[in-house]
Amino acid sequence: MRARTQQGPRSSTRQQGGRRRRTVSAAAAMAIGVMTLGSLTPPASSAVVATARPDAVQQALNTLVRDDGMPAALASVKDRNGHTRTYTAGVGDLATGSKVPRGGQVRIGSNTKAFTAVVVLQLVGEGKIALGADVDTYLPGLVRGKGIDGRRITVRQLLQHTSGLPNYTNYLGDDVRYYTPRELLATALRHPADFAPGKKWAYSNTNYIVAGLIVQKVTGRPLAEEIDRRIIKRVGLRHTYFPAPGDASIREPHPHGYYRESADGPLRDITEIDPSWGWAAGQLISTDSDLNRFFGALLAGRLLPAAQLAQMRSTVPAEATFGPGARYGLGLVSRPLPCGGLSWGHGGSFPGYETRSGATDDGRAANVAVTMQLTDESDRRNLERAVDTALCR
C-alpha cells in the first residue's frame, strides 16, 4: 500500500498481554529495516536451473541486495510458454543467516486492491453492484464529512481513486493494533475531502475500505470469505490468504521483513505485525508465483466477464504515484515496457516488504519482492526495472 510519504516507520517493541507487539507509524507503513549487513555477503544462489553465469533476472536481484541494501530479494517469472523460474538473493533471516526460502510468502500490501476490485466487478457482472451507482445506494448515510458526501461518490470513483476521499493511513498515528474497517473509515472522515469527486486522481487507501464494506453489505459475508471463494480457490492460489483477526504471523516459509528508522539506522525485524489496518486495501499474504497466477488468470478472462475486464482496464494517468507512463484502471495499473507493449499489475508496500508485479496479454508474468519497505523513489524504480527485466528477457 502506498501513502505518499517519505517518512520511515517508527517503532518500539513491548510486551503486552504476554505477546510481543510492535508499534510503527501506520502512515509511513502504508506508503508505498542494523543488525548491520556489514560483511554479510548475499548468497549468489538462485535460479531453479543453475547456469554458469547469472541471467539478467538473477543479476537484477543481486543488484537490489548488493547496491540498494535489501536484506533479500525473491522473484518468480513465467514466460509466454508457461515455463516458470524462481529466484532468490540475499539472506532470509539476518539473525541466523538462513537462506531465503524459494517461493516464500510475503505481505503483498496494495496488490490486495486488485483482489478487492475483482470481487466488486464480479458483483457488477452479476447485477448486484453498478459502477455508476453512488456509495449511498449500498451504505446509506455512512460516508459523510467535510466536503464528503456518499451520494456524490460512485463505485467507479472508489476503484479508480477519483473520489477525493482523504487517505486514512496518513492519520493512524503510531499504534499498530487491530482495527475494524469502520474505524479506518472513521479516521478518514475526520478530515476534509482532498477534492470534489471526479475532479482529480489521487491514491487513497480509504477508497478500498469503502469498496470492501460495499462487498460485505451486498453479499452478507465477510470480505475475506468472498476473496477466498471467488478468487483464491477459483484459480488455485495455494499460498495466498487473508489473515484472520489478531493473526500477526506468516503461516508458511517466508523471509523475514525489516525496516529502519533512519537512513543510517539499524535494520529491525518487523515480520510479525497486525495487518488489519490494511484490510481491503492491503492485508493479503501471498507469494510471487501466486501473484503471477492471479494476474495471468485475470488477463486471460478467467476471473471476470469480458465487459467487466474491459472496465478494469479503462485507465487514467497515474504517473505521480506509479512512475512514467503509468495509468490506473479499476484496481489495476498499466506500465509501458521498455521492450514494447504494456504490463498490467499493481504492486504493494507494507512494513517489511515491497512487491512489484507485471503480466502481459501474451502470457508473460513476473513478480519481484524485497524484504524492506521502500521509501526512496530510486529504490522503487530499481524494483520496477527488475520486473521489466524479467518480462523483457
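User: What should I know before I start?

Analyst: Welcome! This is a predicted model, where local features need pLDDT of at least 70, side-chain atom pairs count only at pLDDT 80 or more, and totals for chains, interfaces and linings use all residues. Residues are numbered from 1 along each chain as its sequence is written, and side-chain values use heavy atoms, with hydrogens and water left out.

User: How many helices and strands does the protein have?

Analyst: Helices (H or I, at least four residues) and strands (E, at least two) are DSSP runs, numbered from the N terminus. Here there are twelve helices and 17 strands.

User: How much of the protein is buried?

Analyst: A residue is buried under 20% relative accessible area, exposed over 50%, and partly exposed in between (1.4 Å probe, protein chains only). Of the 393 residues in this protein, 59% are buried. Accessible areas come from the Shrake-Rupley method with a 1.4 Å probe, and for residues only the protein chains shown count as cover. The accessible surface comes to about 14,900 Å², and carbon and sulfur atoms hold 50% of that.

User: Which cysteines form a disulfide?

Analyst: A disulfide is a pair of cysteine sulfur atoms within 2.5 Å. Searching the whole structure gives one disulfide. C339 and C392 form it, with sulfur atoms 2.0 Å apart. The pair joins distant parts of the chain, 53 residues apart: C339 sits in the loop between β13 (333-336) and β14 (342-345), and C392 in helix α12 (residues 377-392).

User: Why is this disulfide left-handed?

Analyst: Because the torsion about the S-S bond of C339 and C392 is about -70 degrees. As for cover, C339 is partly exposed at 42% relative accessibility, and C392 is partly exposed at 26%.

User: How do I read salt bridges?

Analyst: Side chains of opposite charge can pair when their charged atoms come close. The cut-off for a salt bridge is a side-chain nitrogen of Lys or Arg within 4 Å of a carboxyl oxygen of Asp or Glu. This structure holds 23 salt bridges. One of them pairs D55 with R85, at 3.0 Å from N to O. That pair links distant parts of the chain, 30 residues apart, with D55 in the loop between α1 (26-29) and α2 (56-66) and R85 in strand β4 (residues 84-90).

User: Are D55 and R85 buried or exposed?

Analyst: D55 is buried, because its relative accessible area is 15%. R85 is buried too, at 17%.

User: Which residues does D149 form salt bridges with?

Analyst: D149 pairs with R151, the closest N and O atoms being 2.8 Å apart, and with R152, also at 2.8 Å. D149 is buried at 10% relative accessibility, whereas R151 is exposed at 52% and R152 is exposed at 59%.

User: Which residues are linked in a network of salt bridges?

Analyst: The network joins E126, K128, R221, E226, R229 and R230.

User: Where is R302 found?

Analyst: Look in the loop between α9 (288-299) and α10 (306-312). R302 counts as partly exposed, because its relative accessibility is 44%.
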